[in-house]
Amino acid sequence: MEDPWKREFEFAVEVARKAGAEIRKAGESEIRVMTKSCTVDLVTKTDERVEKIIIGSLKEEFGEGTHCFIGEESVAKGEACVLTDKPTWIIDPVDGTTNFVHGFPFVAVSIGFAVNKELEFGVVYSCLEDKMYKAQKGKGAFCNDEPIQVSDVQDIKKSIIISEHGVDRSPEKVTKIFSTMQKILCIPVHGLRGSGTAATNMCLVACGAVEAFFEIGIHCWDIAAGAVIVKEAGGLLLDVNGGPFDLMSRRMVSANSDTIAQRIIKEIEIFPVVRDDALVQKK
Ligand SMILES: O=P(O)(O)O[C@H]1[C@H](O)[C@@H](O)[C@H](O)[C@H](O)[C@@H]1O
Ligand SMILES: [Mg+2]
């Protein structure tokens, strides 16, 4: 069958690799840390520079007008976060900025691509591990060109689950997050983990190292690429209430199976978050 986005996909892999090399190099020098929404929401010159490199390369290759871009740092600077039917690149230049700043060894470049609001492919380059995860809709998922598959564990008591606590430290939210984690831990599961990057967490689901990853408060750029990779590895995505997954909702459960997903969903204490496209929706 004809593959309409082959050139875009191959270019995304190339750009992610180039971006990862930039991040590795930047990590060798002193990192100047700035903050965004609060004192624990970190950003560095590398996040901004790498996003410029990625978007600049894509514009040069595919032209300015036809493609749209949603990039974490561009949105932080006031650009719209809106998913239309146009071909749209959804980019997190440095997923795991806190890890990058601290030298914690999980940092990923995440590039997703959607057309008609449907994700066509995703590329996650875990650049410190040098692992290139990629998937195109209907074509399977790969890590360093080897096919990957979700785990076949169906018993929650034999699972490892990943979650993160995000950057919103308001006591009500933190209480709900830890209450959820406590309930899941006490099922009991084999373990709870968190790599500090949503993109990498999703790849860990995709390659069967863990059974599920869920988070409330993530953004579309954290999970767009990972969503394709999880699905193509045989997993599934749901909203935290069990409904359909919505990329802009900032809520997600990714899992190896419906059985595991539903068992986790039973324990999730949901708290409100503002949608990524809230400003656009209000208009
Ligand atoms: O801001 P970056 O791009 O590093 O990404 C986020 C992570 O991906 C989340 O899972 C995580 O929970 C944090 O919110 C973190 O900020
Ligand atoms: Mg991120």
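Residues are numbered from 1 along each chain as its sequence is written, while chains are lettered from A and ligands numbered from 1 in the order in which they are written. In this predicted model, local features need pLDDT of at least 70 and side-chain atom pairs count only at pLDDT 80 or more, whereas totals for chains, interfaces and linings use all residues.

Biologist: Why is glutamate 72 counted as buried?

Modeller: A residue is buried if 20 or more other C-beta atoms, placed from the backbone, lie within 10 Å of its own, exposed if 12 or fewer do, and partly exposed in between; glutamate 72 has 25 such neighbours, and therefore counts as buried.

Biologist: What makes aspartate 92 buried?

Modeller: Aspartate 92 has 33 other C-beta atoms within 10 Å, so it is buried by that definition.

Biologist: Which residues does aspartate 92 touch?

Modeller: Not counting residues up to four places away in sequence, aspartate 92 touches Glu72, Ser110, Ala199, Trp221 and Asp222, where contact means that the C-beta atoms, placed from the backbone, lie within 7 Å.

Biologist: What pLDDT does the protein average?

Modeller: On this scale of the predictor's confidence in each residue, from 0 to 100, the protein averages 96, and 98% of the residues score at least 70.

Notes. Contact = placed C-beta atoms within 7 Å.
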